[in-house]
Amino acid sequence: MSTGDSLRVAVFLGGDSVERDVSLASGREVISALRERGHRVVGVDPARGVLGPTEETALSAEVSALPPAEVAPPERPALTDVLRSEPVRGADVVFVALHGGAGEDGRLQAMLELEGIRYTGSGPLGCALAMDKDIAKHLMRAAGVPTADWLMAPASTEEVADRLGFPVIVKASKQGSTVGLSLVREPGELPAAIELGYRHDDEVMIERFVPGRELTVAVVGDETFPPGEIISQHEIFDYECKYQPGMAEEVFPAALTDREARGVSALALATHRALKLGGYSRVDFRMDPAGIMWCLEANTAPGMTSASLLPKAGQAAGVSFPALCDRICRLALGS
């Protein structure tokens with residue numbers, strides 16, 4: 001274990017999910033921020049192993065407008081070998097900067113626990129609950145958090161029209177970054193949207209579309225940062241708008257009344273707790289024209305790029321990006 005304030009941190013980035021590019025960009029900036037705080041940091045790509053200085057330097061902060069169709073890194077090492085490598089076993093904490101797939105659905109977290117390695121963010125159960133949007137919405141409702149009505153495919157066009165009405169959102173149930181998501185306005189568009197969802201997951205959700213303002217709340221420890229608003233160039237905050245410069249404006253703090261800000265922050269905390277999350281998360285909402293806050297989802301491994309929402313929320317709270325990364329590590333260590 002390190003002594004003093006300096007920590008040994010292994011930043012997990014990349015991986016083999018369709019969000020690999022986003023994760024590489026997140027990890028690159030987390031590594032830089034933690035080194036700025038004086039920590040000893042190594043980058044680890046579970047799909048390729050421990051990164052050397054040359055590989056680290058080559059990491060890109062750019063994210064393509066579309067997610068990769070597939071990710072198949074060459075000569076993939078066994079994950080157990082990566083976890084048992086000296087840089088990982090010798091770390092005080094693993095900073096999980098992976099998005100989607102095994103890095104966010106609880107599988108990696110379970111393996112880290114079996115190896116006795118401390119890590120940032122939520123545990124295996126919380127990750128799994130938040131990743132499965134169907135289960136998450138049931139838990140939100142049980143906790144009194146409003147969330148839009150939904151069906152799980154297969155569902156007929158008639159059933160969707162009768163129970164939800166159009167337009168609807170169709171999305172892969174266990175993906176992030178809006179991968180496999182479509183806004184369906186007309187009944188005839190539904191089959192193709194469901195087919196797209198199935199390309200990315202074995203379960204597809206059909207959800208009533210909530211018009212209105214897109215809001216997000218960061219939860220760090222037991223506190224929330226000021227809510228933010230996303231004003232997107234598209235009607236939904238899709239993959240392109242999330243990661244391409246100029247495609248969305250993120251306003252922190254959001255232009256809300258004190259009552260609205262307190263209300264959405266309380267709902268974010270309630271969601272965080274209902275899904276048994278830990279460390280930090282980002283909870284997304286739609287505020288309809290009547291002022292009702294509808295929870296969309298909770299993210300257990302939110303983006304940490306320069307364009308990401310959590311760092312911007314931290315800035316609004318007076319917490320710099322290096323200080324935020326440091327705080328996330330300290331939470332994992334219980335300090």
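**Entry 1: salt bridges, overall**

I note at the outset that the model is a predicted one.

**Entry 2: Glu159 and Arg163**

Glu159 forms a salt bridge with Arg163, and their closest N and O atoms are 3.3 Å apart. I find both residues in helix H8, which spans residues 157–163. They are four residues apart, about one turn of the helix. For Glu159 I noted a relative accessible area of 30%, hence partly exposed.

**Entry 3: Glu203 and Lys174**

I then turned to Glu203, whose side chain meets that of Lys174 in a salt bridge with an N to O distance of 3.2 Å. This pair links distant parts of the chain, 29 residues apart. I place Glu203 in the loop between H9 and E8, and Lys174 in the loop between E6 and E7. Both are partly exposed: I recorded a relative accessible area of 31% for Glu203 and 26% for Lys174.

**Entry 4: Glu214 and Arg286**

I next examined the salt bridge between the side chains of Glu214 and Arg286, at 3.3 Å from N to O.

**Entry 5: the four-stranded sheet**

I traced an open sheet of four strands in the order E5-E8-E6-E7, with antiparallel pairing. Why is one side of E5 and of E7 left without a neighbour in the sheet? Strand E5 (150–152) and strand E7 (182–184) stand at the edges and each has a single partner strand, so one side of each remains without a neighbour. On average, neighbouring strands of this sheet are turned by 25° against each other, direction ignored.

I inspected one pairing in detail. Strand E6 (residues 168–172) is joined to E7 by three bridges, and the two run antiparallel. Val168 stands opposite Val184 in E7.

**Entry 6: helices on the sheet**

I recorded two helices packing on this sheet. Helix H7 (residues 133–142) touches E5, E6 and strand E8 (204–208), and its direction makes about 145° with that of E5. Helix H9 (residues 190–200) touches E6, E7 and E8, and its direction makes about 25° with that of E6.

Key
Residues are numbered from 1 along each chain as its sequence is written. This is a predicted model: local features need pLDDT of at least 70, side-chain atom pairs count only at pLDDT 80 or more; totals for chains, interfaces and linings use all residues. Side-chain values use heavy atoms; hydrogens and water are left out. Two strands pair if DSSP finds at least two bridges between them. Axes are lines fitted to C-alpha atoms, for helices over the stretch in contact, and angles run from 0 to 180 degrees between N-to-C directions. Contact means heavy atoms within 4.5 Å. A salt bridge is a side-chain nitrogen of Lys or Arg within 4 Å of a carboxyl oxygen of Asp or Glu. Buried means under 20% relative accessible area, exposed over 50%, partly exposed in between (1.4 Å probe, protein chains only).
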